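The points are numbered for reference.

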Amino acid sequence: MLMLKSFGAKGRLALSAFFVCALILELGYCQKDAQEPKTTTGRKPKPTKPKLGKVINKEPRVVKTKPKVKATPAPQRQTFLTQVLNKGKFQRVGETLSVQAGHTLALRCKGKPVQWGVPAYLEEDDEGRLRILQHERYGILTLVNTTAADTGEYTCYPMYCEDTDCRKEYDKAVKVFVFFPDPQELFVPSADYYEVIQLRTNWPTVLPCQVTSPEAKVSLHREFPPVEVAVDGAEISFDVKRGFTIHRPRPHHAGALFCVASLGNLRQSSTKYMLIYVNYPMAAPTPVIQASSTSVVLGENLQVSCTVMGEQDVVIDFTWEYPGQQIDRPLYTQESVRPVGGGTARQQSQSVLLVDEMREVDQGTYTCTAQNLQGYKSVSTTVKVVSKAKPKKP
């Protein structure tokens, strides 16, 4: 204290500045020692571990984008039919269903929206017996005051919609065949006393003897001579939902036939079916046209033939177009049919167009059209008319 007092005010100020500078230098050395890693003789310095949460290498980060995966639409629930029973109960239906005539039929089909297919008889219903409602998640078909005539197939079609455009999804349709048993009607009533059915070669023919009860026993009969027709399941078969099917019709199947159904003490006959056999061709005809000459001298005759090779007993109709039609020149043709030998029964049908004393107006295109029950085809050929050569002078 005596020394400080001897320095005076200026001395004390200079001494204070000296102490402050010394303190600053000491702090600088301490910070430098803290930053430098300490090493010990004979030991390797330990690598410093980066602390979590800090970025060591400040390089540009590469952002990897995951490939976008398209969201697959959720699978649609399977459409199915249920029968609405009393007191809000539901029962899933199978391929067939029986509802006593006079009772109400109520079917529910899950889908948003759906459309219904009903027997043709009901499509023209004008009595208001058929009601169809579409709810948020299902559709309901209700048929009241049912009769035996309502027997048939009922179909629910789920609809695929894009905005306001909707279409039926036929591959997802569900069907049920509904019988309406009636103690007085074993067959579905028909307004026709008889029905004409064409028997086509190699084309199955159905006799729609539709019964109203799956319990009825059905047989097939011929009117004349009065015999029961054998049903072997191969040539002729029976399906309670369709009737009798003749799988490969032949001429001996033709005639008047009818069905007989029996259930308990009741026995009834169906509508009569008049079966007419038609040898139905496998395909449209393939005609071949040929002219006796493609260059005919004026005044000479011309023959143009049109020939079709096909199945036996198949009728071919021929029609012609020819240049002489412009002046209403009459058409003269000769037609013939003859069998052709070979492993299968075949025939040759031919039409020959005859043109006598060719004129200049007969020059042009001749077209033959051959037609059968499967279709038609046309072939053409061109004929020129040339002048007679002048005789040379001697």
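The points below cover the disulfides, an open sheet and a surface patch.

1. Basis. This is a predicted model, in which local features need pLDDT of at least 70 and side-chain atom pairs count only at pLDDT 80 or more, while totals for chains, interfaces and linings use all residues. Residues are numbered from 1 along each chain as its sequence is written, and side-chain values use heavy atoms, with hydrogens and water left out.

2. Disulfide count. Taking a disulfide as a pair of cysteine sulfur atoms within 2.5 Å, the count comes to four. With the bonded cysteines of the protein chain numbered in sequence order, the pairing reads 1-2, 3-4, 5-6, 7-8.

3. Cys109 and Cys156. These two are joined with an S to S distance of 1.9 Å, and the link is left-handed, with -80° about the S-S bond. The pair connects distant parts of the chain, 47 residues apart: Cys109 is in strand E4 (residues 105-110) and Cys156 in strand E8 (residues 152-162). Strands (E, at least two residues) are DSSP runs, numbered from the N terminus. Cys109 is buried at a relative accessible area of 0%, and Cys156 is buried at 0%; buried means under 20% relative accessible area, exposed over 50%, and partly exposed in between (1.4 Å probe, protein chains only).

4. Cys161 and Cys166. The sulfur atoms of this disulfide are 2.0 Å apart. The torsion about its S-S bond is about 115°, so the link is right-handed. Cys161 is partly exposed at 31%, and Cys166 is partly exposed at 35%.

5. Cys306 and Cys368. Here the sulfur atoms lie 2.1 Å apart, and the torsion of about -80° makes the disulfide left-handed. Cys306 sits in strand E22 (residues 302-311) and Cys368 in strand E26 (residues 364-372), 62 residues apart, so the pair links distant parts of the chain. Both cysteines are buried.

6. Open sheet. Four strands in the order E21-E27-E26-E23 form an open sheet with mixed pairing; two strands pair if DSSP finds at least two bridges between them. E21 (295-297) and E23 (317-321) are the edge strands, each pairing on one side only. E21 and E27 (residues 375-386) run parallel and are joined by three bridges. Val297 stands opposite Val386 in E27.

7. Surface patch. Which residues form the nonpolar patch on the surface? They are Tyr193, Tyr194, Val196, Met274 and Ile276. Patch residues have over 30% relative accessible area and no salt bridge, with like charges joined within 9 Å and nonpolar side chains (Val, Leu, Ile, Met, Phe, Trp, Tyr) within 5 Å; a salt bridge is a side-chain nitrogen of Lys or Arg within 4 Å of a carboxyl oxygen of Asp or Glu. Met274 lies in strand E19 and is partly exposed at 33%.

Note on methods
Accessible areas come from the Shrake-Rupley method with a 1.4 Å probe; for residues, only the protein chains shown count as cover.
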